[in-house]
Amino acid sequence: MYDRPLVPEEFEVPQTLENSEFILKPLTINHLVKDFDAVISSVTHLEGLMSKNDRWPIGLTIEENLIDLGWHQREFTLRHSFAYTVLSLDEVQCLGCCYIYPADKESFDAQAFYWIRTEHLESGLENRLGNAFRAWLKNDWPFSKVIFPGRE
C-alpha cells in the first residue's frame, strides 16, 4: 500500500472514460466474476506485465482476486493508486484493466499499466486502449510525466 495520495486533495478523480469501443470505471469487488474471467483467459499475456519477475496471475484463485480487487478499491478511495476496469459498452464483459500508480522513478509523477484480454489482441484493441488511456492521463489528470513500464 502506498503511503501518500497520488493526486492533490482538490483534484476531482475521473470516474469514467468512454469511447465507441469501451468504458473505464473504477475497479471494485463488484467486478469480481467479470475481472477474474478476463484475467484467467489472458494469463500468458499478463505474466510479467507489472514487472519482469512478477508471475501474476499464474495460479490466481478467485479468492486471491477478490483480495486484489478489495485492495484496488481501497487504494482508490485513499487516492493512493487508481485501478479501472475496461468494460464493453453494454458492461457485460470485462475487456481488461488500466492502473495508475506512484512512479518508481523520481523524474515521473506516475506509472501506468493497461491490458486487454487475449481474445481482443489481434484486433488492435490494446493499442487503441493505450492511446485513449495516454490521452486521458495527459488531458484529464494532474500529471506532467507518466511512464508506461514495459511499453516504452
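Leaving aside its neighbours within four places in sequence, E126 is in contact (heavy atoms within 4.5 Å) with H45, Y114, W115, I116, L121 and R151. E126 sits in helix α4, residues 125-140. Helices here are DSSP runs of H or I with at least four residues, strands are DSSP runs of E with at least two, and both are numbered from the N terminus. E126 is buried, since its relative accessible area is 8%. Buried means under 20% relative accessible area, exposed means over 50%, and partly exposed is in between, using a 1.4 Å probe and protein chains only.

Before going on, a word about what you're looking at. This is a predicted model, where local features need pLDDT of at least 70 and side-chain atom pairs count only at pLDDT 80 or more, while totals for chains, interfaces and linings use all residues. Residues are numbered from 1 along each chain as its sequence is written, and side-chain values use heavy atoms, with hydrogens and water left out.

**The whole thing**

The protein has four helices and six strands, and along the sequence they come in the pattern β-β-α-α-α-β-β-β-α-β. How does the radius of gyration fit with a compact globule? With 152 residues, such a globule would have a value near 15 Å, and the protein has 15 Å, so the two agree. That radius is taken over C-alpha atoms, and the globule rule is 2.2 Å times the number of residues to the power 0.38. Along the principal axes, the C-alpha atoms fill a box of roughly 35 × 30 × 30 Å.

Buried residues account for 45% of the 152. If you take contacts between residues at least 6 apart in sequence, 65% of them join residues at least 24 apart. As for charge, there are 14 positive and 24 negative side chains, and the centres of the two sets lie 5 Å apart. Lys and Arg count as positive and Asp and Glu as negative, with His and the chain ends not counted; each charge is placed at NZ of Lys, CZ of Arg, CG of Asp or CD of Glu.

**The sheet**

All six strands form an open sheet in the order β1-β2-β3-β4-β5-β6, with mixed pairing. β1 (17-18) and β6 (146-147) stand at the edges with a single partner strand each, so one side of each has no neighbour in the sheet. Two strands pair if DSSP finds at least two bridges between them.

| Strands | Direction | Bridges |
|---|---|---|
| β2 (residues 23-26) and β3 | antiparallel | four bridges |
| β3 and β4 (residues 94-102) | antiparallel | six bridges |
| β5 (residues 110-116) and β6 | parallel | two bridges |

Let's zoom in on β3. Is this strand enclosed or open? Six of its six residues are buried, so β3 is largely enclosed by the rest of the structure. In a regular strand the side chains alternate between the two faces of the sheet. In β3, F82, Y84 and V86 point one way and A83, T85 and L87 the other, and all are buried. T85, in this strand of residues 82-87, counts as buried because its relative accessibility is 0%. Apart from residues up to four places away in sequence, T85 touches I23, L24, K25, P26, L27, H31, C94, G96 and C97.

**Loops and surface**

Most residues other than glycine have a negative phi. R79, though not a glycine, has a positive phi of about 70°. R79 lies in the loop between α3 and β3 and is buried, with a relative accessible area of 19%. E91 is another non-glycine residue with a positive phi, near 60°. The hairpin of β3 and β4 that holds E91 has six residues between the strands. E91 counts as partly exposed because its relative accessibility is 27%.

K52 is in the loop between α2 (43-46) and α3 (62-78), and it is exposed at 85% relative accessible area. K52 and G150 are 98 residues apart in sequence, yet their C-alpha atoms are 8.6 Å apart in space. I67 belongs to helix α3 and, at 61% relative accessibility, counts as exposed. From I67 to P57 it's ten residues in sequence and 13 Å in space, C-alpha to C-alpha.
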